[in-house]
Amino acid sequence: MQKRKDYSNGLLDLLALREEIMKKYPPKIAKKRVKAILINDPAIEQEILANVRTIPGIITQRGCTYAGCKGVVLGPTRDIINLVHGPIGCSFYAWLTRRNQTRPAEGEDNYITYCFSTDMQDENIVFGGEAKLKEAIREAYEIFKPKAIGVFSTCPVGLIGDDVHSVSRDMKAELGINIFGFSCEGYRGVSQSAGHHIANNGVFKNVVGLNDRERTGKFQVNMLGEYNIGGDAFELEALFEEAGITLLSSFSGNSTIKSMEYSHTADLNMVMCHRSINYIAEMMEEKYGIPWIKVNFVGAESTAKSLRKVADYFGDADLKAKVEEIIEREMVKVEEVRKSIKPRVEGKLAMMFVGGSRAHHYQDLFSELGIRTVSAGYEFAHRDDYEGRKVLPTIKIDADSRNIEELVVTKDEKLFRNDLVEKKAELQRLGYEFKEYAGMMPDMNKNSLVIDDINHWETEKLIEFYKPDVFCAGIKEKYVVQKAGIPLKQLHSYDYGGPYAAFGGAINFYIEMERMLATKIWKMIDAPWKHESELVGSMTIEA
Amino acid sequence: MLLRHTTNEVKERKALTVNPAKTCQPVGAMYAALGVHGCLPHSHGSQGCCSYHRSALTRHYKEPVMAATSSFTEGSSVFGGQANLMQAIETIFTVYEPEIIAVHSTCLSETIGDDLNQIVIKAREEGKVPLGKFIVQAATPSYVGSHVTGFANMLEAFVKYFAEKTDEKRRQINLLSGWVEPADMRELKRLMKVMKIKSVLIPDTSDVLDTPMTGKFEMYPKGGTTIPEMVSMGDSMQSLGLGEWATQKAAISLNNKCKVPFEITDIPIGIKATDRFIQALAKAGRVSIPEQISEERGRLIDVITDMHQYLYGKRVAVFGDPDNIIPLIEFLVDMDMKPVYIVSGTPGKYFESRMAEILSDRVPETKYKNGPQADMFLMHQWIKENPVDLLIGNTYGKYIARDENIPFVRMGFPIVDRIGHSYFSTLGYMGGLRIVEKILSAIMDKQDATCLEEKFELVM
């Protein structure tokens, strides 16, 4: 088999690699996996198998529906008590582990540092847990006096028939605060992705639109699908503020439920992580007429592009000038660092397997440093995240996606923004793209390897084949890859570093890559005597 | 403030747990299974369980933690998970080639009533288990007990499945290690060597979760209790279980199956628990205690007498698992410290009697609670009522420590923000020395950082 060293000579035969990976699998598995591993060719239409069940027994990166709902989407919001209805583990594992930073003002509610659970016991499983859930909500209210409580279902809840929605309604009536439930049992979908959708539905139904407050800014926007890991949202907030753009709410980094309640008064929704949040963007457009655009603030060039796109939307000359001024100033700083680091890392190979958007977005950062992404894939994405939204009408609804509720959204006659609909039509005529995401594959080189839901075996083979210089994935993969002598950058938790968003974040990432790729520690793995001929001792104790 | 909603006003709770001092069974089963050589843990449930447990263990050890899952979907939850487990077994033996698959259940598979025994029997009958390969299974419903219970159940499953009684007695003892770190297991093995006792240690995560960097990933590292070792346990002279919660079940099971007598003693943390452990070992192995052990003990006592003034009367809050904190509390009391607040989420009546035994005379003012609602929130409220000088527990304690400005020593599971626990043992007299060192450093670092300039000491 050809190895990575041949790569610079042009195309290499990835078919052989794929075949070798398949050889290990029982035929049924091979038949399925081969459709999830594509040798990319942007020039032709290619279909990838995504958002389907993981094969039992396969060591996957994926998590569960609960993780997507509670952990990802609702977890970063600070002024709500997220009460997990279930045995203790589910709440315990989602307790502070996603690094969603938040910055509450003095005296403002912040429950992110807390972990709430009904800690279901066997008698709750046998006789039902609704009474305990009600009592737990009462106790949470008694002690903490929160403004809102979200109730999250774990696996046993749905199975024993506990109705978290009716309990939530009852308790909402009893306590007079906003209480709502999520049927996000771990088994609901094939990955976290189902949980994102369920969370979107719940927030849209129960929170968005509760407060029709007056305008506070000239250009009002929401940031969707940005979770403030490592402080990314702080970078973006500072950027918008300086530009004079009013960020009403974020879904859901550094966010509050309070702000989501008036998020429908925005003029534009920016979608960062398409996979986890496009549902709310779509529903807000249908109900309130707010257009959405795909943005990417990972990478300095992408940040500039996204900022310009927002400024172009509003079309205001002062705003445009301000945005240009910021870009110009920040790019000077970015370029200075980039120029010093790029020569040392250029030509290295990277691969990344995370999430529903990061495996795409981070390629921009790497290419700014001249690092080539030879293989990438998502953990829980759908075909549209790979091939673009153009394939949406052709995605088949299977049994696993059918059980997630599709909300029927109707136009809000009073609040519907006809002015925005007209603005959108006008801009579209000029070639401005709305609700468009072209996916990861068109942006990747020909003959790069695209892999959905990569598993342990495939990871090992990829490392053996490419010997990449840096591998990006999550905590479960981190030390597996590093034991093989390849540095791994976590793109979920950022290895407790960051921020990596916007201009300042790009600089941080360049410096981080220099650290990871320039260190000599990996070259010290073998002891100096390892390659010397062995000495025969004459002074050993036994001698 | 990080925990800005916590006040000293304690309200009785019956249903709500806040900031738990425990987690659920399967993660314990996974940890125990990693201490068996060539074994791949398998989580029979939703993907998230396996993902969460692997993540938790990986963050704690900063090492690869491999495990597979049955990847339940809604269909399997309705129709049962048999088909998923059958397929998983085939997939695992083909793709990952372990010697043993250690299957544990989850709240999901337990709630729908999947019978692991029956499924595994069926898998064997259908030839899905290659010759010379094994499947061990344990029921670990997440809604019973805690992570410690899961560890105990998996451990029991291993000895029950593998241990065999032959006509030949072996001059060895079985050491059931309890939930301790790889470094602790290494230390136990060193102590056995010093005592000149042949033993089988199970589980044994040393050389599994503390492996060296070699540039090559090993799916099944060299450590872990081996199959022949487990088989031989049925012929051992005695079993010694370290910790009631984690090892009693396995010890009883082994006794039932192979008539190996057993004794349960505390995990050797601190002076007295180590004394009891060493004496039990000497008795079980019929050996005299070597001078080296007495010297190690002497060193520990020496250091405590040297530094007693910094320990005496210090109020301590402790949270963790019963097997680990019972001997720890005893150790603190022996050093004249005052463990005033103690919580453990793990249920079990024995906890109370042990606490009363250790504390009622020496620290009568102590408050302790275990089981439901015995959580870190309650302990923090107690601390708010009347502060402490030291906090001991897992990493989650750092939020309390920072808010209340309390010196903090990390012990327990999980420790995700510091290293050391997997490399430096806290067991035996030498481990006791490490605990003393950590406690002193924490207390003295605070004194150095906060005392008045004129009170700043060079020699301490």
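How many bridges join strand S6 of chain A to strand S8 of chain A, and in which sense do the two strands run? In this predicted model, strand S6 (residues 220–226) and strand S8 (residues 268–271) of chain A run parallel and are joined by 4 bridges. Within this pairing, Asn222(A) has Asn269(A) of S8(A) as its bridge partner.

Both strands belong to an open sheet of 4 strands in chain A, where the order is S7-S6-S8-S9 and the pairing is parallel. The edges of the sheet are formed by strand S7 (246–252) and strand S9 (292–294) of chain A, each of which pairs on one side only. On average, and with direction ignored, neighbouring strands of the sheet are turned by 25° against each other. Strands of a sheet pair through backbone hydrogen bonds, in either a parallel or an antiparallel sense.

An antiparallel pairing is found between the chains: strand S3 (residues 116–117) of chain A pairs with strand S1 (residues 17–18) of chain B over 2 bridges. Here Thr17(B), in S1(B), is the bridge partner of Ser117(A).

The contact between the chains involves 66 residues from chain A and 63 residues from chain B. On the side of chain A that touches chain B, helix H6 (residues 130–144) of chain A supplies the largest share, with 8 residues. The residues on this side of chain A comprise 37 nonpolar, 14 polar and 15 charged.

Notes: Residues numbered from 1 in each chain as written. Chains lettered and ligands numbered in written order. Predicted model: local features only at pLDDT ≥ 70, side-chain atom pairs only at ≥ 80, totals over all residues. Contact = placed C-beta atoms within 7 Å. Nonpolar A, V, L, I, M, F, W, Y, C, P; charged D, E, K, R; others polar. Pairing = 2+ DSSP bridges. Axes fitted to C-alpha atoms, helices over the stretch in contact; angles between N-to-C directions.
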